[in-house]
Amino acid sequence: MTRPDPYDVLAQWLAAGLGKHGRALQGTTPTRYEADVRDWLYFTEETTGIGAWNANESTASTWAYAPALRPPNPDRPSRRPLAPRVSLHNPARRLAALAAYYSYAAGAGHIPEPPFNAAALRPAPTALPRTAPLTLEQAAALQYAADDILPGRHRRGPYDTAPHRDRLLVHLLLDGLRPRQAVGIDLESLNEEDPHRRIRTLTCPAPKGDGTITHQPSREVWQAIADYLPHRVDGRDPETGRRPLLTSRNGRRLDSNTMPGRIVKAIAARVPELIFEPNTITPDRLAMAPAVLLDHPLPPPGPDGWAPPDAPPLSRLRLDLRHALDTAPHCPPVNGGCPADCERCAVRQRLWTQWEQRWNATTPAYLSWPLPPYDHHQRPAERLLAYHQHRCAICGSLPAPGRPAHTEDHDPHTGLTRGLLCHHCRPQAERGAAPFWVRYHERPPAAVLGLELHYPALDGGRRR
């Protein structure tokens with residue numbers, strides 16, 4: 001049997017755009033898979049002479065975990081041409097690309113079967129490093145930086161690209177959408193408000209694979225959309241004929257592979273106090289960050305500029321952070337750095353020390369609630385519900401129109417119910433490291449009342 005040219009098979013596979021199981025490749029996957037397979041073909045056909053159709057597991061493992069083997073591009077010289085692939089994500093992705101390539105070649109009849117099982121050579125999922133989400137403080141700092149790029153503010157320096165568009169992109173990512181989802185939103189996908197449920201949704205691509213999902217953005221996202229639309233450059237997608245929400249200066253849809261990352265890094269560089277390495281910030285880390293966007297307006301700051309004492313934890317964080325970032329003076333660039341007695345540095349240090357003290361003293365909302373009067377006819381679950389009064393234990397909010405009812409939270413180690421949390425706070429219950437989460441874990445609402453309720457004991461604010 002005459003073996004086909006592996007580069008011709010590569011071109012056909014890229015045109016088909018299929019993964020190992022016949023599913024369409026999405027997002028940045030086709031571009032990265034193409035680079036990986038071209039690297040593999042150069043290694044097998046040019047460097048070693050083994051040939052792509054004669055390679056085996058040993059050849060694939062050597063290639064997957066080796067330094068970059070493609071010839072250097074004189075037009076784009078690499079600063080680290082022989083840097084080792086330290087992260088296990090790279091070998092895993094490269095072997096996944098080989099598995100998809102050989103699966104297509106066998107399915108299309110170019111070869112009888114794949115020469116080896118590339119998928120079996122991938123590192124175990126438990127060995128892969130996980131993407132670290134931003135902390136709550138970092139997410140709030142990025143939200144502040146996104147607002148600061150709007151004309152009329154610029155307290156952190158000028159911003160000369162498309163401020164309203166870039167601010168909206170950051171808000172969409174902070175609302176939990178991935179880059180491909182945010183860039184894939186069209187104007188036709190912005191649904192009208194449901195008069196019965198009093199909610200408004202939008203339609204966006206699914207996180208993975210084909211299809212779409214319905215997403216209910218926060219109030220701040222809708223405000224960012226309203227602020228951006230008068231500045232949007234109109235245009236249509238030549239493939240679908242639809243009008244993308246986020247457009248370039250030429251009215252084209254943004255490239256989801258490159259533009260979100262560039263925009264996020266540029267905005268993160270504006271808050272070096274909390275984002276120490278802006279180049280490590282990625283759009284996916286924003287999408288995985290704790291929720292910082294609100295469904296209700298921020299309360300006004302106190303007379304001293306800081307948040308009022310009764311502000312919920314998230315509102316307190318954002319108000320205090322805005323006050324610190326707006327007030328902290330900047331030192332002009334000086335050769336050799338600021339002198340030891342720089343007054344601006346001293347003021348800035350005192351301000352951030354005060355902010356840190358206030359942040360470390362933040363408590364969850366329920367610790368300020370009055371205890372309900374004791375009623376010996378009241379069952380334990382009813383007493384906990386009377387203490388909550390349908391409020392979230394962390395932020396103290398009531399369920400917003402159209403949002404799900406607050407859900408019961410429990411300790412996974414003991415199986416005991418802790419209290420009610422809203423849809424914003426519930427996903428952070430286990431991984432939350434902010435000071436108020438520490439206090440919640442140490443003494444949750446049920447413990448304040450001296451109750452031991454085995455989960456499930458409540459049902460969306462109603463006793464089971």
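This dialogue discusses how to read several local features of a predicted model.

Colleague: On what basis are the residues and values given?

Modeller: Residues are numbered from 1 along each chain as its sequence is written. The model is predicted, so local features need pLDDT of at least 70 and side-chain atom pairs count only at pLDDT 80 or more, while totals for chains, interfaces and linings use all residues; side-chain values use heavy atoms, with hydrogens and water left out.

Colleague: What span should helix α2 have, and how far apart are its end C-alpha atoms?

Modeller: Helices (H or I, at least four residues) and strands (E, at least two) are DSSP runs, numbered from the N terminus. The expected span of a helix is 1.5 Å times one less than its number of residues. Helix α2 (residues 29–47) has 19 residues and should therefore span 27 Å; its end C-alpha atoms lie 25 Å apart, which agrees. After α2 comes Gly-49, with a positive phi near 75°.

Colleague: Which residues of α2 are buried?

Modeller: Buried means under 20% relative accessible area, exposed over 50%, and partly exposed in between (1.4 Å probe, protein chains only). An α-helix has 3.6 residues a turn, so residues three or four places apart point the same way. In α2 the buried residues include Tyr-33, Asp-36, Val-37, Trp-40 and Phe-43.

Colleague: How many aromatic pairs does the structure hold?

Modeller: Rings of Phe, Tyr and Trp (its six-membered ring) pair if their centres lie within 6.5 Å; planes under 30 degrees apart count as stacked, over 60 as edge-to-face and the rest as tilted. The structure holds 15 aromatic pairs. In one of them, the ring centres of Trp-40 and Trp-63 are 5.2 Å apart with planes at 65°, so this pair is edge-to-face. The pair links distant parts of the chain, with Trp-40 in helix α2 and Trp-63 in helix α3 (residues 57–64), 23 residues apart. Trp-40 is buried at a relative accessible area of 0%, and Trp-63 is buried at 0% as well. Ring pairs join both into a cluster whose members include Trp-13, Tyr-33 and Phe-116.

Colleague: Which residue lies over the face of Trp-63?

Modeller: A charge sits over a ring if NZ of Lys or CZ of Arg is within 6 Å of the ring centre and within 35 degrees of the ring normal. Arg-94 lies over the face of Trp-63, 3.9 Å from the ring centre. Likewise, the charged end of Arg-391 sits over the ring of Trp-369, at 3.9 Å from its centre.
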